[in-house]
Structure formats: structure tokens, C-alpha cells
Amino acid sequence: MARINVLKTYKNFIGGKFPRTESGRYFQIKNGNNELLANMCLSSRKDFRNAVVFARKVQKSWQNKSSLNRGQVLYRVAEMLEGRKSQFIEELMMTGLSKLHAKNEVELSIDRLIYYAGWSDKFQQVFSSVNPVASNHFNFSLLQSVGVVSVISPNEYSLLGMISVIAPIIVGGNTCVILSSEKNPMVGISFAEVLNTSDVPAGVVNILTGKRKELLSHFASHKDVNAIIYCGDNNQEIKEIQHLSSENLKRVKIYKHKNWDHNSSQSPFFIETCQELKTIWHPNKV
Amino acid sequence: MSNIDLNKIWNYTTANESKDHILLKEKYDLFINGKFVKSNSRKYFNSVNPATDEIIAKISEANKEDIDLAVKAANSAFKSWSKLKAKERAKYIFRIARMIQERAKEFAVIESMDGGKPIRESRDIDIPLAANHFFYYAGWADKLEYAFPNTSLEPIGVAGQIIPWNFPLLMAAWKIAPAIACGNTVVLKPAETTSLTALKLAEIIQESGLPKGVVNIVTGGGKTGSEIVNHPNIDKIAFTGSTKVGKLIKRSIAGTHKKLTLELGGKGANIIFADAAIDQAVEGIINAIFFNQGHVCCAGSRLFVQESISEIVIEKLKERMSSLIIGDPLDKNTDIGAINSKEQLATIKKYINIGMEEGGEIYQKKCIISETGNWCPPTLFLNVSQSHTIVQEEIFGPVLAIQTFRTIDEVIEKANNTPYGLSAGVWTEKGSKIFKLTKELNAGVVWANTYNKFDPTSPFGGVKESGIGREGGLHGLKAYLKFK
């Protein structure tokens with residue numbers, strides 16, 4: 001008799017653990033032949049709020065790690081993903097991608113992680129400055145992480161899109177809570193397994209699955225979230241985010257583009273967007 | 001309160017790092033075009049453990065023909081290496097970084113055996129920093145346009161790199177990593193007395209799959225070095241070593257197309273003000289001059305103590321020196337290891353004699369020194385002034401010349417009164433004083449309330465006769481790029 005496969009249960013990734021949604025609800029992902037691929041967690045406001053607590057708790061210590069260390073951790077994530085390449089190619093193919101496209105997406109994802117691992121100890125030199133003020137002061141400006149970032153991950157390029165958004169966030173010392181691609185959320189949760197075995201501290205990245213419609217307003221309005229990144233071009237949703245984020249003056253970044261496979265989808269400006277500039281004055285006259 | 005002399009009560013038991021896990025061959029050949037090849041000279045010289053006088057390995061001496069082969073290999077590798085996609089270039093360099101990390105302990109032990117530095121330093125500083133350097137510059141390979149926006153940049157070509165014996169692997173990393181990250185190829189010559197870790201690095205480079213000819217490592221002495229400097233198909237010379245040789249190199253390549261960076265000698269001023277945290281400063285002064293037996297181009301070899309605290313500082317320095325452990329570099333307790341070579345020991349002794357002849361008051365830590373190997377006890381000179389030879393010239397050993405000062409302007413004047421300008425140190429709890437001093441001191445690197453700190457992200461290099469150009473950081477890329 002043929003061996004029966006064991007199917008994977010897809011759950012959320014919160015605080016370094018894989019809990020089910022507290023709401024107990026689910027939604028189904030099917031392939032082109034309308035066959036069930038997975039029952040996904042239909043996450044709730046409560047799941048999101050729990051995730052923010054974890055993200056906040058670990059943010060300071062993540063920010064205080066050396067840039068070198070954060071770079072090494074990201075590089076480790078890339079190494080782990082390289083080792084599981086075939087798994088991710090298969091998983092992307094299950095959801096309808098051709099082998100060629102799936103392979104390309106996974107390889108670009110690994111390279112993108114390495115790209116940002118490299119930026120860890122370099123972006124500061126590119127963006128910070130010494131300011132030649134006219135008075136007797138040594139004056140300089142540098143970047144500091146903004147804090148906790150909520151992310152509506154792109155629907156296109158479920159793996160590459162998510163990595164392109166979160167790598168620059170975390171390399172800059174932020175932590176985040178992400179809504180995985182609504183269309184193809186499975187691969188996001190599988191990526192959580194990679195993060196979980198890569199020395200990324202628990203809570204630095206939290207990944208939920210669910211519906212934008214339900215969660216968007218909470219992602220935008222939560223008071224303990226410092227910035228929100230939205231990937232998509234739904235003007236109604238964009239307006240809602242801009243409106244709700246006003247309450248605590250959340251920084252908002254909208255990525256409307258969909259070509260995440262393109263080189264223009266990586267640059268140090270993706271890091272800089274989740275940074276605040278701090279200027280320091282110090283007298284230099286005795 | 002009476003001072004308790006801990007050394008009288010307790011002695012440290014030896015805690016030797018084991019040598020049985022390291023792999024060393026009896027003979028090392030040249031690494032040219034991805035392979036270890038015999039030198040055309042057929043000559044070998046000995047690499048000696050400076051702590052025991054034992055021969056550790058035989059090293060090949062490269063002659064003119066060998067250098068020519070290495071340059072040819074580098075030239076031909078340059079064509080494809082410089083065209084390779086930058087992000088793929090980076091992956092090779094990341095691999096090298098990782099493989100150094102994986103074999104860090106082995107490298108640390110060999111570094112200490114070959115060069116005499118305490119295992120604590122090679123294990124905690126030299127080797128990890130070398131790996132980090134590769135890691136750092138690997139990341140730059142595909143980001144150069146952000147380092148120098150609105151320019152059109154290209155790699156230079158073949159870089160001839162000559163490095164010193166004080167930080168053998170680390171200097172190899174400082175040279176190779178930025179060069180190949182920018183798309184250049186390399187012919188590197190380690191110092192005659194410390195070739196081993198560079199040759200072990202060659203093994204890693206081979207294992208990493210780096211295309212052949214991108215990095216070539218040739219060994220030998222000054223003559224081999226001059227063959228590199230004078231080879232017509234080398235496009236850039238990067239040299240770290242003495243100011244004397246640096247000037248010689250600059251002269252010999254005058255009129256050629258070769259670009260040049262030099263990282264040369266120094267006579268670092270370490271300045272301690274009355275308002276410094278004194279114990280912390282004393283620790284820093286000790287580290288500034290005795291780190292790596294004082295074989296450090298940026299060593300804080302001139303100490304300036306504000307007059308009002310000079311007595312207490314000197315007393316504390318002597319007290320701290322009494323607890324320094326001099327001995328087997330492989331002992332994890334050792335603070336001060338062996339002097340790198342007999343020649344260097346002779347140089348240091350020459351300067352100590354000059355110091356005494358010129359009227360300096362010498363203080364040396366009392367210690368039992370082994371008959372075999374090269375050793376020099378930590379040494380202070382008091383009652384010296386700006387005109388003393390040991391205040392002016394670089395000794396490159398554990399010898400500190402101490403002077404006093406009264407005012408800030410006086411100490412700035414004294415500190416800057418040297419042909420060198422590599423490094424300086426400032427010790428004070430007053431921030432404004434730090435920034436005043438860092439502004440006024442003529443040095444490429446100034447440490448405030450710390451000393452001898454190095455990081456791949458931090459540019460390093462000197463002004464005046466301490467060198468030309470910077471290594472490290474974004475700025476370190478510039479030496480390996482052509483701007484059109």
C-alpha cells in the first residue's frame with residue numbers, strides 16, 4: 001500500500017511560538033483544481049494585540065544588539081532558507097507557480113536576505129551626518145529604529161514580497177507583526193519556521209494569517225505600534241490606514257508597486273523608512 | 001589601608017590552549033592561481049615560534065619569476081572577476097568569512113605560535129575581527145553606488161598588498177576583503193616572520209571555491225616585496241609597515257600608473273587629564289602601550305599626564321604593571337607574549353639603551369624571563385622630554401615614554417609635535433574637553449576614554465608621515481575603486 005502523506009497544520013507565529021488563532025476560526029486555501037491545500041488561521045484583533053505585546057517586549061533588546069550581530073542573524077536566516085529551498089519551491093508550486101517561477105522567487109528571496117544582512121552595519125554611514133553648526137558644538141545626526149511596525153504583506157510574491165518588506169524593518173532594529181499574503185498565506189507561515197531556527201529572537205517577527213478586511217483597521221489604529229507598512233493599491237484601504245494612523249501619528253509607508261522580483265524593490269531606503277533621525281549637540285569648547 | 005599583593009598570595013596555574021587540533025604542514029609553498037606551487041627559487045626559510053625558538057614550518061621564498069606568475073594569474077582572473085555579478089562576488093567573500101569563523105580557534109592558536117601574541121588577543125581580537133572584516137566588505141560588493149553616489153566607478157585591477165607581522169591574519173583581511181569586494185584581484189605578501197595564517201587563509205580561499213587567481217599569496221622577505229612593488233602590471237600598491245619602507249615604496253612607484261595607500265608608523269599620544277576616571281585611564285594606558293607587546297602602529301607610546309595627578313598615575317601604573325603576566329603566548333592567562341623576532345628585540349633593546357644614555361629614568365617590571373625565545377619586560381621611561389629619541393621615534397615594543405603637562409594648549413602642542421599622525425588617546429570625564437582635543441589633535445584616529453579599538457566599520461589610517469588613505473568603513477572602499 002502506498003504511504004499516506006502527513007499534512008502540515010498551518011498556525012500563526014507569535015512570540016516565537018506557533019499558536020492557533022484564539023478566535024478558533026479558519027479559512028481555506030485551495031489549489032487550481034479546487035482541492036484543499038490548508039485550513040489557515042483566521043486571525044482576530046486579539047491575536048494581533050497579543051503579537052504586538054511580544055514585539056514590543058523584545059524591541060529594545062533587538063535594537064540594542066550590535067549591527068554586526070543583526071547582520072549575522074539575517075545571514076543565518078538566508079542560510080536556513082537556502083537549506084530548505086526545495087521545500088519552498090514545492091510549496092509555491094502547490095499554489096500554482098511554475099517550477100521556474102517558484103525557483104526564481106525562492107532564490108531571489110535568499111539573495112534579498114543577504115542583501116539586507118549586508119546593510120546592517122552600513123546604512124548608518126550612508127544616512128547619518130556630522131553637521132557643521134556655526135557655534136562651538138560637535139553636532140551629529142544618526143538613525144534609530146522607529147520601534148514596532150505592523151505590516152500588511154504583499155499579495156503578490158507571497159514569499160519574496162514578505163521578505164522584501166520585513167528584512168529592512170528588522171535589520172534596522174525594529175520588530176514587526178505581519179499579515180501574511182491573503183491570497184497565499186501558507187508560505188509565510190513556513191517562513192516562520194525558518195526564522196524560528198535562525199537565532200532571530202522570539203517576538204522580533206510575528207506572522208498572522210487572515211483577512212485584510214478584518215485586520216487592517218487594527219493594524220492601523222493600535223496605539224503601541226509606531227509605523228505601518230501597507231503593500232497594495234486599494235485606495236479605500238490606503239485612505240483608511242492614513243486616517244486611523246493619525247491617532248498616534250503612526251508613520252505610514254505605502255508600497256503600491258508589485259514587481260518585488262525587481263532590483264528596484266531593494267535599497268537602503270527601505271531601511272531608512274523605518275528609522276527616526278536623532279540629532280545630538282555637544283560643546284567642543286573648554 | 002595596606003595594599004594586599006595578590007600575586008604574593010596566589011599564582012595563576014597555567015591554562016594552556018591545546019595545540020593538538022591544529023593542522024600545520026612541514027612546508028608551505030606559494031598560493032598562485034588557486035594552487036599551492038613550488039617557488040622557482042626552490043628556497044625555503046624558517047618560520048620560528050618566538051616564544052620557544054622552535055621551527056614551526058618552512059616557508060617558500062618567492063622570487064621575481066614567482067611574482068610574475070602571481071601577477072599574471074591575478075591579471076587574467078581580473079577579467080572575469082570584475083565582471084561577475086556583484087552579489088555573486090559577495091557570496092564568495094561571505095563564505096570566506098564563515099569559514100574563518102568555523103576555524104577560528106585553529107587560526108588563533110597558529111597566530112599565537114607564529115607571532116608570539118597572547119592567545120587571549122588572537123582569540124578575542126585578531127581572528128574574529130578578520131572574519132568580521134570579510135563579512136563587512138562582502139556586504140559592500142553590491143552596494144557601491146550608495147557609498148559613492150553620482151559617480152561611475154570601476155575596480156582598479158591587480159592590487160599588490162604587503163602586510164606587517166604584528167596582526168598577520170587581520171592585516172590580510174583588511175587588505176584582501178575590500179579589494180576583492182570591489183572587483184579587484186590580489187597578490188598579497190605576508191611578513192617574513194608571520195606567513196602561516198595567511199597561508200592557512202589561502203587554504204580557506206581554495207576551499208571556498210573563489211575563482212582561481214583572484215587571491216594569490218606569495219611569501220618572502222623584503223626582496224620579494226620589492227618585486228611586487230616594481231612589477232609593471234600591478235595597478236595598486238597597499239602597504240602596511242614602517243614609515244621608512246613606505247617612503248621607499250612611494251619613491252619607487254613615482255611616475256608609474258600605480259595607485260598607493262600606506263598605513264605606516266606612529267607615536268601615539270595618550271593624554272590623561274586630572275579630571276579623568278583614573279583607574280579606568282590607567283587600565284587604558286596599559287592596554288594602549290602593552291597590547292600585542294607594543295607591536296602596534298597606533299600604540300599609545302607617549303603618555304602625557306597632567307602634572308597634578310602625575311604621581312598617583314605613575315604609582316598606579318607601576319602597581320598595575322606588577323600584576324601583568326608575561327609568558328607563554330598560548331597560556332590563556334598571559335597578558336604579554338613574546339617579541340615577534342630577534343631583530344625586533346634588538347631594536348627595542350637599542351632604544352631602551354638610548355633612553356638610558358640620554359638620561360631617562362627607566363622602570364621595568366621585575367619578571368623572570370625565559371632563556372629561550374624573545375622577551376622584553378614592560379618598560380616605562382620617566383623624566384624624558386620632547387627632544388629624547390625614545391619620545392620621537394617609533395620603538396614598536398612595550399616601552400612607554402611619560403611626560404607631564406599643565407595646560408590643554410601645551411599638551412596639544414606637544415602631542416602634535418611629531419612627524420607622525422596616526423592615533424591619539426584622551427582621558428577626561430569632561431565631554432567638551434574630548435571634542436576640543438579631537439578637533440585639535442593631528443591624528444587619523446582619536447580614542448576618547450578608550451584605546452586600541454578596531455572595527456570593520458570604522459575607518460583607520462594616519463595623517464602626515466603615518467600614511468596615506470584609510471582602511472575600514474565605507475571610506476576604505478575608496479582605495480580600491482577608480483572614479484571616472
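The expected span of a helix is 1.5 Å times one less than its number of residues. The model is a predicted one.

**Entry 1. Helix 11 of chain B**

I applied the rule to helix 11 of chain B, residues 278–290. Its 13 residues should span 18 Å, and the end C-alpha atoms are 18 Å apart, so the two values agree. I then looked up which of its residues are buried, and found B:A281, B:V282, B:G284, B:I285, B:I286, B:A288, B:I289 and B:F290. The cover over these residues includes strand 12 (269–272), strand 13 (302–306), helix 12 (310–322), strand 16 (399–405) and strand 17 (423–427) of chain B. After the helix I noted B:N292, whose phi is positive, near 55°.

**Entry 2. Helix 4 of chain B**

I repeated the test on helix 4 of chain B, where 12 residues should span 16 Å. The end C-alpha atoms of helix 4 are 16 Å apart, which agrees. Of the 12 residues of this helix, 9 are buried, so helix 4 of chain B is largely enclosed by the rest of the structure. I listed the buried residues as B:F107, B:A108, B:V109, B:I110, B:E111, B:S112, B:M113, B:D114 and B:G115. They pack against strand 4, strand 5 (55–60), helix 3, helix 5, helix 7 (168–181) and helix 8 of chain B. Just after helix 4 of chain B, B:G116 has a positive phi of about 90°.

**Entry 3. Helix 8 of chain B**

Helix 8 of chain B is among the partners of helix 4, and I examined it next. Its 12 residues, 196–207, should span 16 Å, while the end C-alpha atoms are 17 Å apart, which agrees. The buried residues of helix 8 of chain B are B:L196, B:T197, B:A198, B:L199, B:K200, B:L201, B:A202 and B:I205. B:G209 follows this helix with a positive phi, near 80°.

**Entry 4. The two domains of chain B**

I looked up the division of chain B and found domain 1 (27–264 + 463–483) and domain 2 (269–448). Their C-alpha centres lie 30 Å apart. Domain 1 of chain B gives 23 residues to the contact and domain 2 of chain B gives 27. On the side of domain 1, the elements that give two or more residues are helix 4 (104–115) and helix 5 (119–140) of chain B. Helix 4 of chain B supplies the largest share of that side, 4 residues. I recorded the residues of the domain 1 side as 9 nonpolar, 7 polar and 7 charged.

**Entry 5. Chain B against chain A**

I turned to the contact between the chains, which takes 21 residues from chain B and 18 residues from chain A. On the side of chain B, helix 3 (86–102), helix 5 and helix 16 (431–440) each give two or more residues. The largest share, 6 residues, comes from helix 16 of chain B. The chain B side divides into 9 nonpolar, 6 polar and 6 charged residues.

**Entry 6. A helix pair in chain A**

I checked helix 4 (residues 99–119) and helix 6 (residues 158–171) of chain A, which pack at an angle of about 10° with their axes 9 Å apart. Angles under 35 degrees count as roughly parallel, and these two helices of chain A are therefore roughly parallel to each other. Residues in the contact include A:L108, A:L113 and A:W119 of helix 4 of chain A and A:L160, A:I163 and A:V171 of helix 6 of chain A. The residues of this contact divide into 11 nonpolar, 2 polar and 2 charged.

**Entry 7. Single residues of chain B**

Most residues other than glycine have a negative phi. I noted B:N33, whose phi is positive, near 55°. B:N33 lies in the loop between strand 2 (30–32) and strand 3 (35–37) of chain B, and counts as partly exposed, with 18 C-beta neighbours inside 10 Å. B:R42 also has a positive phi, near 60°. This residue sits in the loop between strand 3 and strand 4 (44–48) of chain B. B:R42 is exposed, with 9 other C-beta atoms within 10 Å.

Lastly I looked up B:I412, in helix 15 (residues 408–416) of chain B. B:I412 is buried, with 21 other C-beta atoms within 10 Å. Leaving aside neighbours within four places in sequence, B:I412 is in contact with B:E440 and B:L441.

Terms used:
Residues numbered from 1 in each chain as written. Chains lettered and ligands numbered in written order. Predicted model: local features only at pLDDT ≥ 70, side-chain atom pairs only at ≥ 80, totals over all residues. Domains from an automatic or database assignment. Contact = placed C-beta atoms within 7 Å. Nonpolar A, V, L, I, M, F, W, Y, C, P; charged D, E, K, R; others polar. Buried ≥ 20, exposed ≤ 12 C-beta atoms within 10 Å, placed from the backbone. Axes fitted to C-alpha atoms, helices over the stretch in contact; angles between N-to-C directions. Parallel < 35°, antiparallel > 145°, perpendicular 65-115°, else oblique.
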